[in-house]
Amino acid sequence: PGRTKSRLASAHRQWCDEQEKPQIVHCKAIHDNHLDRIIVDLSPLRVTSAVVGADYDVNDFLVRWKAQIVTAAAMNGMELMKTDNLHT
């Protein structure tokens with residue numbers, strides 16, 4: 001996810017973009033980091049009025065969707081971190 005030097009990761013990100021699917025990556029714990037990480041990149045999604053309905057505000061849809069993701073994570077003991085340029 002993010003910008004990476006890995007050809008496989010870049011190919012996967014491109015595929016997700018072409019398919020308009022979120023990119024979800026499992027990063028296993030290494031070295032001093034004792035926790036695995038799940039990285040979800042929602043940027044390949046295309047959310048437009050056509051997707052959510054002509055009478056529905058896209059920004060409102062995204063705000064509600066984000067709140068649902070944060071709530072689901074918190075209910076399952078997960079901590080969410082926002083990153084813009086993650087290098088893996």
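Reply: Arginine 13 is partly exposed, because its relative accessibility is 22% and the buried class ends under 20%. The model is a predicted one, and arginine 13 takes part in a salt bridge with aspartate 41, where the closest N and O atoms are 3.0 Å apart. Aspartate 41 belongs to strand E2, residues 37-41, whereas arginine 13 belongs to helix H1, so this pair ties together parts that lie 28 residues apart in sequence. Aspartate 41 has a relative accessible area of 13% and is therefore buried.

Arginine 13 also forms a salt bridge with aspartate 17. Here the closest N and O atoms are 3.8 Å apart, which still counts because the cut-off is within 4 Å. Both residues sit in helix H1, which covers residues 7-19. Aspartate 17 and arginine 13 are four residues apart there, so about one helical turn separates them. With a relative accessibility of 28%, aspartate 17 is partly exposed.

As for the structure as a whole, a search of it finds two salt bridges.

Technical notes: Residues are numbered from 1 along each chain as its sequence is written. This is a predicted model: local features need pLDDT of at least 70, side-chain atom pairs count only at pLDDT 80 or more; totals for chains, interfaces and linings use all residues. Side-chain values use heavy atoms; hydrogens and water are left out. A salt bridge is a side-chain nitrogen of Lys or Arg within 4 Å of a carboxyl oxygen of Asp or Glu. Helices (H or I, at least four residues) and strands (E, at least two) are DSSP runs, numbered from the N terminus. Buried means under 20% relative accessible area, exposed over 50%, partly exposed in between (1.4 Å probe, protein chains only).
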